[in-house]
Amino acid sequence: MKPHIIFLTVLLLSLILNAAYADAPSSRPDSHAPIGVMGDHAHKTREWMLSYRFMAMDMRVLQSGTTALETADVRKGFMTVPTQMDMKMHSFGAMFAPYNRITLMVMANYQQRNMEMEGSHNHATGHHAHPVGTHEMTSSGIGDVKLESLLILWKTDHLNFIGNIGMSLPTGSIEQTGLDGNILPYPMQLGSGSFEGRPGITLFGYHGNWSYGSQLRGTFPLHTNSSEYQHGHSVNATAWGARKLSDWVSFGGRLLLSHSGHITGSHPNLNTNMSPSHRPDFCGGTRLDIAVSSNLMMPAGNPLVGQRIAVEYTLPIYQNLTGTQLKNRWRLTFGWQYAFRL
């Protein structure tokens, strides 16, 4: 899907929701978006917020475009093929507002990636009844650090309009190797290797016991990395709604539409005949996800008063993948947030 179509979709959702927006007290459990959304809210002067997120994602079944593929069929064209991949990420964030209209944010993460592979046969046709070898690839370490400024562009009794100006720093490794010393494929690397611009806009508001929001974000690599390739541009659009069930708990849901391009260039030490995950043109695509979420605001009298605990579970409902890739099965995000003023 073209980026301008995504932009128009989010703009339309924002206009629909505009009449329902209102400023909200930070004590509401839904004063923050679902935990899978970042850069959704600003803070008041001299206010801090610390956060932790844990994300787990599972990928299985090979797919090209919207068509599921049999592993044995894909194996005929490559020496190995991925059969499943999982990723776990621990993210640590801090936000600080030097002024009412400006909030600064930094996010760092630690990743653990695991991919299971099946070895291929050395022929494209003939008898395939003999056993197929399997092996695992793993990588772990620090990912790319993200810096961001959140600017309140427009604020009325019915609308908060935030501009997101961000940058991703190439602190994640792009030279992860396996036990044999060979470079691991693109999905197993921990970063992009490039400085990236991350602009966006966010609208967020409230009406009675309901809250609403929408966000448009983009990620645009600014140069080719040191390994002679560059990740594709990506655009993400999301819209959510939440219902405050009490002063301390809310329940919500959201839709997420994402589109990303394939890698341009290629790592000189990656053999494209090895597996689909070694192909730079077998990356990216368009996805539509649906998520359910809950925010828990610790009430007065609790030792953790003022702290927010949140969870979100995401399932794909449409995936159109570029080339042969493992498709997403689910994603789970758990988070903790604590805002205070010094």
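Me: What makes the pairing of D30 with R28 a salt bridge?
Reply: The closest N and O atoms of D30 and R28 are 2.8 Å apart. A salt bridge is a side-chain nitrogen of Lys or Arg within 4 Å of a carboxyl oxygen of Asp or Glu, so the pair D30 and R28 qualifies. This is a predicted model, in which local features need pLDDT of at least 70 and side-chain atom pairs count only at pLDDT 80 or more, while totals for chains, interfaces and linings use all residues. Residues are numbered from 1 along each chain as its sequence is written, and side-chain values use heavy atoms, with hydrogens and water left out.

Me: How many salt bridges does a search of the whole structure find?
Reply: The search finds eleven. Among the residues involved, D58, R60 and R329 are linked in a network.

Me: How do you know that R217 and E148 form a salt bridge, and where do they sit?
Reply: Their side chains meet with an N to O distance of 2.9 Å. R217 is in strand β9 (residues 210–221) and E148 in strand β6 (residues 145–155); strands (E, at least two residues), like helices (H or I, at least four), are DSSP runs numbered from the N terminus. The two residues are 69 residues apart, and the pair links distant parts of the chain.

Me: Why is R217 called buried?
Reply: Its relative accessible area is 9%. Buried means under 20%, exposed over 50%, and partly exposed in between (1.4 Å probe, protein chains only), so R217 is buried. E148, at 5%, is therefore buried as well.

Me: Why is R279 classed as partly exposed?
Reply: R279 has 23% relative accessibility, so it counts as partly exposed. D281, at 29%, is also partly exposed. R279 forms a salt bridge with D281, the closest N and O atoms being 2.8 Å apart.

Me: Where is T171, and why is it called partly exposed?
Reply: T171 lies in the loop between β7 (160–169) and β8 (196–207). Its relative accessible area is 40%, so T171 is partly exposed.

Me: Which residues does T171 contact beyond its neighbours within four places in sequence?
Reply: T171 is in contact (heavy atoms within 4.5 Å) with I142, G143, D144 and V145.

Me: What makes the approach of T171 to G143 a polar contact?
Reply: A polar atom of the T171 side chain lies 2.7 Å from the backbone oxygen of G143. A polar contact is a pair of N or O atoms within 3.5 Å; within protein, one must be able to donate a hydrogen and the other to accept it, and residues adjacent in sequence count only if both atoms are side-chain atoms. The 2.7 Å distance is therefore within the cut-off.
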